[in-house]
Amino acid sequence: MKLNNKGWGTSTMIFLSLGLLVALLIAVFFISSLYGSFGNSTGNKFYLDLETRLENAAAAYVAKNNIDVESEMHVSLQALQENGLIGEFKDRLGNNCDGYVIITKINLVDNFYGRISCPDYKTRNY
């Protein structure tokens, strides 16, 4: 019995599949570096958690001192620490970070926007 050798063989198919896989991995690497990372990476999530801690402390500060925000107000990290509402504010490497919270009132609702500055991370518009 004579076989028709005009089609692809298994070795050719594996070679082409590996080539496509390598091209896909290279594309994922460049897309990841272009956009920073996929969603919130663990590094960015850590800093987002720091911002959230700062915002929660500012909300407690406003409630504790019965402050009525009329349009916009800034509360510093130092003010929150002096009132005992937030403790140490350090990044993962133990470096001190600084920050503040912008409090705005929109439709009778207070909105809190935390801004932090660490040696290797800074919130946009800090």
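In the predicted model, the largest nonpolar core comprises 19 residues, of which Leu54, Leu80, Ile86, Phe89 and Ile116 touch the most other members. Two or more residues are contributed to this core by each of helix H2 (42-64), helix H3 (77-82), strand E2 (98-106) and strand E3 (109-118). Helix H2 supplies the largest share, seven residues. In general, nonpolar side chains of soluble globular proteins tend to be buried together. When residues up to four places away in sequence are not counted, Phe89 touches Leu50, Arg53 and Leu54, together with Leu77, Gln81, Asn95, Asn96, Cys97, Asp98 and Ile116.

The protein chain contains three helices and four strands, arranged along the sequence in the pattern α-α-β-α-β-β-β. The four strands form an open sheet with the order E1-E2-E3-E4 and antiparallel pairing. The antiparallel pairing of E1 with E2 extends over five bridges, and Met73 stands opposite Ile103 of E2.

For the protein chain of 126 residues, 25% of the residues count as buried. The accessible surface amounts to about 9,200 Å², with 57% belonging to carbon and sulfur atoms. Of the contacts between residues at least 6 apart in sequence, 52% join residues at least 24 apart.

Three salt bridges were identified. One of them joins Asp49 and Lys45, with the closest N and O atoms 3.4 Å apart. Both residues belong to helix H2, where Asp49 and Lys45 are separated by four residues, about one turn of the helix. Asp49 has a relative accessibility of 39% and therefore counts as partly exposed; Lys45, at 45%, is likewise partly exposed.

A network of salt bridges links Asp68, Lys105 and Asp110. Because Lys105 lies in strand E2 and Asp68 in the loop between H2 and E1, the pair ties together parts that are 37 residues apart in sequence. Lys105 also forms a salt bridge with Asp110, for which the closest N and O atoms are 4.0 Å apart. As regards accessibility, Asp68 counts as exposed at 56% relative accessibility, whereas Lys105 is partly exposed at 24% and Asp110 is partly exposed at 25%.

Notes. Residues are numbered from 1 along each chain as its sequence is written. This is a predicted model: local features need pLDDT of at least 70, side-chain atom pairs count only at pLDDT 80 or more; totals for chains, interfaces and linings use all residues. Side-chain values use heavy atoms; hydrogens and water are left out. A nonpolar core is a set of buried Ala, Val, Leu, Ile, Met, Phe, Trp, Tyr and Cys residues joined through side-chain atoms within 4.5 Å. Buried means under 20% relative accessible area, exposed over 50%, partly exposed in between (1.4 Å probe, protein chains only). Contact means heavy atoms within 4.5 Å. Two strands pair if DSSP finds at least two bridges between them. Accessible areas come from the Shrake-Rupley method with a 1.4 Å probe; for residues, only the protein chains shown count as cover. A salt bridge is a side-chain nitrogen of Lys or Arg within 4 Å of a carboxyl oxygen of Asp or Glu.
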